[in-house]
Amino acid sequence: MERLRRTMLFMPGNNPSMLQNAGILGADSIILDLEDAVSISEKDAARILVRSAIKTIDFYDSEVVVRINPLSSGFGLGDVAEIAKVKPDALMVTKATRADVKTVCEMLTKIEAEEGFEKNSIKLFPLVESAYGIETIHEIITSSERVIGILLGGEDLTADLGIQRTPEGEEISYARAKVVSACRAHKIDAIDTPFADLNDCQGFERDIAKCKSLGMTGKAAINPRQVDTIHEIFAPTQEEIRYAQGVIEAMEEAQREGKGVFSMDGKMIDAPIIARAENVIQKAKRTGLM
Ligand SMILES: CC(=O)SCCNC(=O)CCNC(=O)[C@H](O)C(C)(C)COP(=O)(O)OP(=O)(O)OC[C@H]1O[C@@H](n2cnc3c(N)ncnc32)[C@H](O)[C@@H]1OP(=O)(O)O
Ligand SMILES: O=C([O-])CC(=O)C(=O)O
Ligand SMILES: [Mg+2]
């Protein structure tokens, strides 16, 4: 079964105590960061620490993703060369363009052959965080069969657009919709940008509900305190589950009577509504609610 990615928790790659506990924080994926959470003077130390963490720490069921520096930065290519050898589950390509994803993919193919790893075993998670990236997202996704999801980077995107970021997030609505639609089209995960204000609990909950309603499959987190809230809001509610079960039961009854369309509590039920109900049931089962 495909992996659940409701939460992807960032942690700075140069912080040993955070890395040490990474596997017990409940996040579906862990993103060990070599990019913006690490200062220039710490880049080499972070790369060494992340390599050794992947080799020695038990991450339990969490997926391990390493966010590399931009290829143009002078650190990115070295990050790929050094980190791929310890076989993380995936690399996150920052400020992603089609050309960058292709370059990283080709490097990985070579390293996998040299190290005796299975071909395409190291996946890619492009971080789309520029206007150009948003407008060329289809090309980014199709530039490598390793791509398993896209993370939307709201901070860099709004910097690139020359606008302010707000807790309401109206300014990134277009980008969110574009990421969701492109990812759905290619059946990969669409992960929302993190919410940075750890003290604004209501704003955080509204932000999760909004990205869920737009179709994001998960959300990045920057602090372990955010993980449970994201899981709770992403899970189907008891009311949604009951309604979905009602639809499925009514459908089975209608099928016995040879009907394709029928009504439940006065509301028409047909194929798309049944498909949505099946989605809810599947999600409830995967998250242990059924
Ligand atoms: C726009 C972007 O690029 S986002 C991606 C890059 N950013 C990051 O990776 C930032 C990750 N997050 C952090 O570094 C921190 O959570 C901060 C700086 C935002 C807040 O730090 P604090 O105020 O110290 O957090 P807080 O008080 O909640 O920490 C409580 C505990 O959780 C730990 N913790 C906090 N954040 C994380 C994290 N992301 N991963 C793992 N452990 C963490 C702390 O080490 C601390 O542990 P301790 O009790 O053993 O000392
Ligand atoms: O949203 C993210 O994944 C973090 C990031 O790099 C950004 O926002 O620029
Ligand atoms: Mg960024």
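Which helix lies across β1 and β8? I looked this up before anything else. I found helix α10 (residues 227–234) lying across β1 and β8 (218–221), and α10 runs at about 170° to β8. Contact here means heavy atoms within 4.5 Å. Axes are lines fitted to C-alpha atoms, for helices over the stretch in contact, and angles run from 0 to 180 degrees between N-to-C directions. Helices (H or I, at least four residues) and strands (E, at least two) are DSSP runs, numbered from the N terminus.

I note that this is a predicted model, in which local features need pLDDT of at least 70 and side-chain atom pairs pLDDT 80 or more, while totals for chains, interfaces and linings use all residues. Residues are numbered from 1 along each chain as its sequence is written, chains are lettered from A and ligands numbered from 1 in the order in which they are written, and side-chain values use heavy atoms, without hydrogens and water.

**Barrel**

I followed the strands next. Eight of them form a closed barrel in the order β1-β2-β3-β4-β5-β6-β7-β8, with parallel pairing (at least two DSSP bridges between two strands). Neighbouring strands of this sheet are turned by 25° against each other on average, direction ignored. I picked one pair: β6 (residues 149–152) and β7 (residues 189–192) are parallel over three bridges. In this pair, Leu151 stands opposite Ile191 of β7.

**Ligand 1**

I found 15 residues around ligand 1 (a heavy atom within 4 Å), and the closest are Phe10, Arg67, Ile222, Asn223 and Arg225. Strand β1 (residues 7–12) gives the most to this shell, four residues. I then checked polar contacts, pairs of N or O atoms within 3.5 Å. A nitrogen atom of ligand 1 is 2.6 Å from a backbone N or O atom of Ile222. The side chain of Asn223 has an N or O atom 3.0 Å from an oxygen atom of ligand 1. Taken alone, ligand 1 exposes 960 Å², of which the protein buries 54% (Shrake-Rupley method, 1.4 Å probe).

**Ligand 2**

Polar backbone atoms lie 2.8 Å (Glu155) and 2.9 Å (Asp156) from an oxygen atom of ligand 2. A polar side-chain atom of Thr193 is 2.7 Å from an oxygen atom of ligand 2. Taken alone, ligand 2 exposes 260 Å², and the protein buries 93% of that.

Notes: Polar contact = N/O pair within 3.5 Å; in protein donor to acceptor, adjacent residues only side chain to side chain.
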